[in-house]
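Open the model in your viewer and keep the selection panel at hand. The stops below go from one selection to the next.

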Amino acid sequence: MANGQEGGMSMREQAIVDKILEKAPYAEGKVRRERRIEFTVPAERIRDFLTLLKKNNFELMLQITPVDWPNDGEIELIYQIWSVTHRTHVMVRTRIPRELEKARMPTVKDIYPVAETYERDAHDFFGVYFEGNWKMEMPWILDDTEQDIYPLRKDFDMLQYVKKKYKILDRFDENKDNYVI
Amino acid sequence: MINELMIIIFTPLITGVIAWLLDIKGLREGISILGAAVPLAYLIQAHQTLTSQPSIQYSIVISGFKFEFLLYHLSWIFAMIAGVVGFAAVLGMASTTKDSYEWLFALMSLTGVYGIFLADDLISFFIFWEIMTFGSFMMVLKYNRKASLKYFLLSVLGAYSMLLAIGILYAKVGALDFTTIQQTLYQDAMRGVLGTNTLLSRNDMLLIFGLFLIAFGVKAGMFPLHVWAPDAYSETNQSYTAMFSGVLSKAGVYGMLVIYILLGTRLMYQFGRIGAAPKFGYVIAFLGGITIIVGGLLAALQEDIRKLFAYSSISQVGYILVGIGVGSALSIEAAIYHAISHALFKGLFFLIVATIVLRTGKTEFKDMGGLAEKMPITFAMTFVAILSLAGIPPLVGFASKWLLFEAVIHENMPILGGMIFFGSAIGFVYLIRFTYAVWFGQRPTDLDDTKDTPIPLAIAMGILALLNVVFGIAPGLVATELNKIFGKEIIKGTIWELNIGFGRYNGLLITIWLVTGIVIAGIIYFLGAKVRRVPVTDTYQGGNPVTMEYNLTIRRNFFLPLKETLAFWLRISFDRLYQDIGRWVEDLAETLRNYIYNGNVQAYAWYLAIILLILALWGV
Amino acid sequence: MVDWRLFEPLFEFARKRSLWIVSFCTGCGGIEMPPLMTSRYDLERFGMMANPAPRMADLFLITGYVTPKTLKRIIITYELQPDPKYVMAHGSCPLNGGVYWDSYNAIKHLDKYIPVDVVIAGCMPRPEAVMDGINKIMEMIENGTADSWKRYKENYEWYKKNQDELFGEGWREREARRWIPWLMDKKEE
Amino acid sequence: MITSMIGIALKAFLILLYATFVGFMFMGIIRIVTARIHRRVGPPIYQPILDTIKLLSKKSNITHGLIYDFGVLYALGATILALMFIPLGSISILRAYGDLILITFLLEIPMLGIMFAAMSSGNPWAGLGSQRALLTLLAVQVPLGFAIVALAEFYDTFSTYQIVMAQQTAGWSITYLPLLLAAVAYDIVLQAMFGKEPFDIMIAPGEISLGPMVEFGGKHMGILQIQHAIALFAETLFFSNIFLGGAVVTAFASSILNTLASLGILLIKQLAVLLIAIFIGAIFPRFTIDQAARFYWKWPTIIAAAGAILAAL
Amino acid sequence: MSQYASLLIALPLISAFFVPIIKAIGKKVVMPFLVLITAIQMGMATWVFNEVYTTGKPIIIMAGGFRPPVGINLYIGHFAALFVLIIAVASFFMAIFSMKAITVEPKDKYAMLSLLLMLGATGMISTGDIFNLFVFMEITAISAYALTAYNKSGEASEAAMKYIVLGGIGSSFFLVGIALIYGSLGTLNMAQIAQLAGQMNPTVAQAALAMLVFGLGVEAELFPLNAWAPDAYQAAPHPVTAMFSAFVVKAGLYALARILYLTHAVGSWGHILRLLIILGTLTVVIGEFSALRQTNVKRMFAYSSISQVGFIAVGFALGTQAGVSASIFHMVNHAIVKALMFMAVGYVALELGGVTLEDFKGLGKVMPLTAFAITVGAISIIGIPLFNVFWSKIQLILAAMKAGKSGVIALILGASLVEAVYYIRLIHLMWFEEGSRERTRIKENFVFGTIMLLLVALIIIIGVAPNMTWNIVQKASADIYNVAQYIKNVPLLPGVSP
């Protein structure tokens, strides 16, 4: 359903995608919609791909969003990058194995300096360890007690943990509709 | 027939030599303290004789020169300053000296200072000036060669320029003792007024005044020549610095007064006046004003405790120079009064620094702190000294500063008045920086076992603190002495009050009302609920818990904003200028030697030929 | 020292009419403070003034959900305040965890850890509700029932037990030392 | 002798009471006027008194050591001392010794007491606040000095009382150009001495949580409130005496009426000075410390120096 | 009785010739023999000294009984008595010092030469006849050349060669000057020259005076002519350097002053003085500056000694009585201090094997006595009040200022500032800096120690109570200054005139 107006616009994104794919054969890219592109890159090639993006004036890194796929046993890291010149938003997807000792990624701190904080965030909540980021061990948001439980993983049983931590919450087992303060 | 003046002058030197030769730990301290006490006793005893006869006189002939010594009111006051602060410093040194040669040279410099104050002719003045310089230089030599060399060179430069001035005077006037020089120059001024040509031409007077200014400016630490003071004051046995900065800088001030006594009328006739002040005086005053500002600002930016007080001592001497420069009878009396109070509180401060360095072994601000609980006596003395130096009413610092302000502003000198006001605030500023870094705040763990002052130092500090308070509450005591110099009653008023017509200050009244004020505050304080003592770490840091590992006090680089505001001015430094001159002279010497004594005979033979040529041509 | 019972009514009136708020806005209630202070609702009419230092403040406003990290700071600030001190909790989060009832990171009952005088219900009460709360606390001061600080002092062990249960023993030193290895001057390059 | 002593003590107590009360009223006025500028109702005028009573009546207080308490006491004592020197119509006690330089120094000394106490509390913000207070003092000193020099040279005397008497005959001193410049400079200096908006970097609430005051609780803060009140009264009184002509009313028969009239006139002049400070304070944002120092060393110094030089001619 | 004074000249001459015979008796005996002779010489000199100073009249000795204008006469006035004593004492000390200091083998040659050196210097000072002056100057010069080369090292021979070349030129011009004077005045006797100096025609007088000054300038180390001095001082054996700086240079200076004041009636006298002042000041300034960056301490002391000599020359060239007495006082002090310093340096070189700054580092701990001696010497040279050189410096400066030479004095004071720098560096080096290699404390020789302490005591005594020395010096300067008195004292043959 590439209509004229939308087609015209997405033609520009398609040109950007083809330009980048030329230089990065290992990646697949497609245009999601106007001003939004998506690439899937194998985990070990992520640094070269990001340097490539940086050279093609994709200036800002917006976020590193880790998504937990317990069924596939993988964590998907989405590097969201914005280019001011092209006015387009790029999502670079990579998949890494889910287990704690295997979920390791090289840091991209030197390409996009802001990545340092996002990587610490990902590490705190999802347990993805980024080598080369010296602030990895530095305590960040979570308190000491929650340091190694990586709360935002899907397999983390939040309610059970809360009951253990704040002992007084025995009323959770009641049914919710006649809940009286 | 040893005249008492000789005893006063030479006992320190003799006891110093004995102490140096004996070199027995306990005995040499006793002898040296005796050596400092005897002249003080004689001076106090001389006070009675001075009430009856105008002055005590003594003369002796050595190798063709007739040396005269005279003790009259002005020299008595300065000698008393040297006596009291010297005695306190020697007491202090009893506990801080390690080897005996320091006693020899400290007492030698004390002899030099006594000699200067009692000398009545230029040659003995110069000789004792050299003895003082050499004594104090040897005290600094052991600790740091560069600092001592800089100090020695600048003061010897001063001494030699003084010698040149003495030479010119000797050539023109023919005599050397003060009285004849004063008379001849006075007649010379009268002759000039009547229109006939004078004995000394205009540029002669300029040269003599310039040379004397350099000589006394170096010793007093005036602005362009002050670079030696911070290094010299900090690189020596700290309790000796009490004497070094308290007394020896007064020799420079006494020298400025000598300029007034000897050349005063002649310079007045030669260069005339600006407003009320004589033109040559205004030069001294202006340089003094700049010294206040430069000394004060640099003192605030220092990281080393001794350097801070060295610069502060320079800026305080700047006050005295302004007082002398303005030249009216009242301002000279105010300057001398400030000289007394400066000697007292500066001596006290350096004794305090000596205790701190002795007990903690540290001199940098960044590794000191929170000593108020550990050294209560020293802190009490510091509190008195701070109130006195910053010029807080009940103490002597304020009395002399008040007198100085009134005298200078009364001669309607707006710029000088502004500079002095700026100085009073700077005194405030760097003192609190010192107290904050050393006494208050979090104590580094290794300072927990610091003991309080040793006994001799405590006594010395006690004497000076007591004098600070007594002269503060009863300024009249000093005022009566000062009036004797000019003969007439310039500072009127009772023992508790200074009354100079356009301003009155009553020390006792202020102390009473301050005490009542504090009592009222105390009543309100004790009405409130009981007070719970809290450790240093129990403090509000945005709710974050704090432990002793945190550095809770800003000791390092306390006045960073001030450094940024003054960044432009701090680039100019006279210290680097003198260093470059020294290096340039040495390179010149090196090239000179290589060219002249280059070692081959033909060149030397050529020299002979050239000399022969000159002999023949010049028609010798 | 002196027994001031005779002047107690005057002191109570003075405490009521000059409540200094320690400006410690946790959670989403902080945004309610400006309208209270400025011209529309103007708390200054009642002599209330925002004051940064806990040493001089009396009223301690907890204006939203409280995470364990913030609770540590709240406890320390609370203990810094001099004695007749009052605590007001805004919204349902300090009451029973509110919308974050099942979140691992929000405190469920604030008054298990520090005594609370007045709680204002509402998932962020409007300024009028806060004004009503303040009137309530003024009344309590007036008739002397605002004695949360006495309760804290008397059964301090109970509060301490709850705190240590949540944070573990000696949490203050641990919290202070947690960041030291990463401080700029402490880190050996 | 004893009766005169008691007379003086009574007079002193009365002055002190009057000064504290009017001082608190001034603080109340400051808060009300600033509130009205913000189109708010503002607290009742006696609010500072209530604050002080609440602070003094605190049930538990903390201290960081002897100097922490003594500094606060010293500050209040020095302010009371300063108050006694400034001529208050015709009833001030130490009027004869009211010397320009002495009073300027006494008005700066409370800051020394407060800083001693703040520093000994060991709080980093207190240290930072005192550093800024010191630099403000340093910056303020130059224009203040020139203004005092201008005054002393214009009236050729240092005693405040003689200046007030001279102004009775020759009219207010701000009518003469040199002293007008000095008055302008001194007024800018007052802004910093009151600790009002543009130059109150030393007690910046947000940045260093009230600077030196961070560790003062309960009765210490109460004493400092009293000190601030008396200081406000004293500084405005000093300004109105030396620049706005003070008030020596001899028109009425009985002395009590005279004193009341002169106090009234003085009150009006003090209020005028206070309102200027409040209006400037309410409008300006806060300077950083080196901006404040550079500002003080540039414009007010030039104005005051011009005044001093003109006065000296 | 006064005839025995001629023994002062005769004794060293005869004993010099006896030396080979003594060597034949036993090699070990030569050095003690030298010490004995110098001891006797010292005894005689002290006897002559108090003889002259008690009676107040100079001793005149007529060689061979002939009256002065015909025969040669020795005129031992106040100045000569004083300086003969200084020469004798100095050579006695140096003889003791050379007992241990001289290691190069032909010791008897050394003894003979040092005796000749002493003889020449005594002769120059006490002669009354300018040709005789030339003869004695030649004796001193030649023995000085030989002694400089005594160490047989390459450096010593090169220094000696320089000294010979320059000394030779100088003395030859001196001879030409004497010939000119003799040609025009017909007499060689100094007193007669003084009488007749007025009648010489100005140009000849000018030329003669120029030659004389030039010739003596080399010996008296004025600025450009003293190029040989630093190398000679450094290369000569240590006791010889001490003798050089103590009295050999002084003899040259005395001769220069004596001739200057004799011919003061000459028209162009003022020019000569101005030239001498310029040369003297240049000597001081260049001497000080070149010593600043020296690493060899002995050479540093040589430069400092040259500059002090320049200062004395300026004193003489002032032309006033005060100037002359001040410079003589300075000569006495300088002789004492320099003898002490060079002896100490020599002793350090002996013990530690070298005189570079490196060896002097931490000397205070290794040889405290010598270090103390050098420190006192250095401090007194800088001009610190309680020591002897200070008094003469003050006198010289005031005399110069009285004569209106403030510019010159400013330069000289600047130079002495520079001198203070390198002496203080040396003091600091000795006492407060640690030597690189660890050295144990050396047990110092007792005899040398006593000599050094004696000289140090002398320095401090003159420093503290200079009155006695000042009176002696005043009499000595009168002897040189008022020529009329000098002429009266010499019994001239009436009627004998060219």
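This is a predicted model: local features need pLDDT of at least 70, side-chain atom pairs count only at pLDDT 80 or more; totals for chains, interfaces and linings use all residues.

Residues are numbered from 1 along each chain as its sequence is written, with chains lettered from A and ligands numbered from 1 in the order in which they are written.

**Stop 1: chain E.** Select residues 321-352, helix H13, and residues 388-402, helix H17. Helices here are DSSP runs (H or I, at least four residues), and strands are E runs of at least two, numbered from the N terminus. The two axes come within 8 Å and cross at roughly 155°. Axes are lines fitted to C-alpha atoms over the stretch in contact, with angles from 0 to 180 degrees between N-to-C directions. That makes H13(E) roughly antiparallel to H17(E) (over 145 degrees). Now show the side chains: among the contact residues are E:Phe329 and E:His330 of H13(E), and E:Trp391 and E:Gln395 of H17(E). Contact means C-beta atoms, placed from the backbone, within 7 Å.

**Stop 2: chain D.** Select residues 289-312, helix H11, which has 24 residues. Where does H11(D) bend? Go to D:Thr301: the bend there is about 40°, taken between axes fitted to the seven residues ending there and the seven starting there.

**Stop 3: chains D and B.** Their contact takes 69 residues from chain D and 60 residues from chain B. On the chain D side, select H5(D), residues 124-155. H5(D) gives the largest share of that side, 17 residues.

Methods. Angles under 35 degrees count as roughly parallel, over 145 as roughly antiparallel, 65 to 115 as roughly perpendicular and the rest as oblique. Two residues are in contact if their C-beta atoms, placed from the backbone, lie within 7 Å. The expected span of a helix is 1.5 Å times one less than its number of residues.
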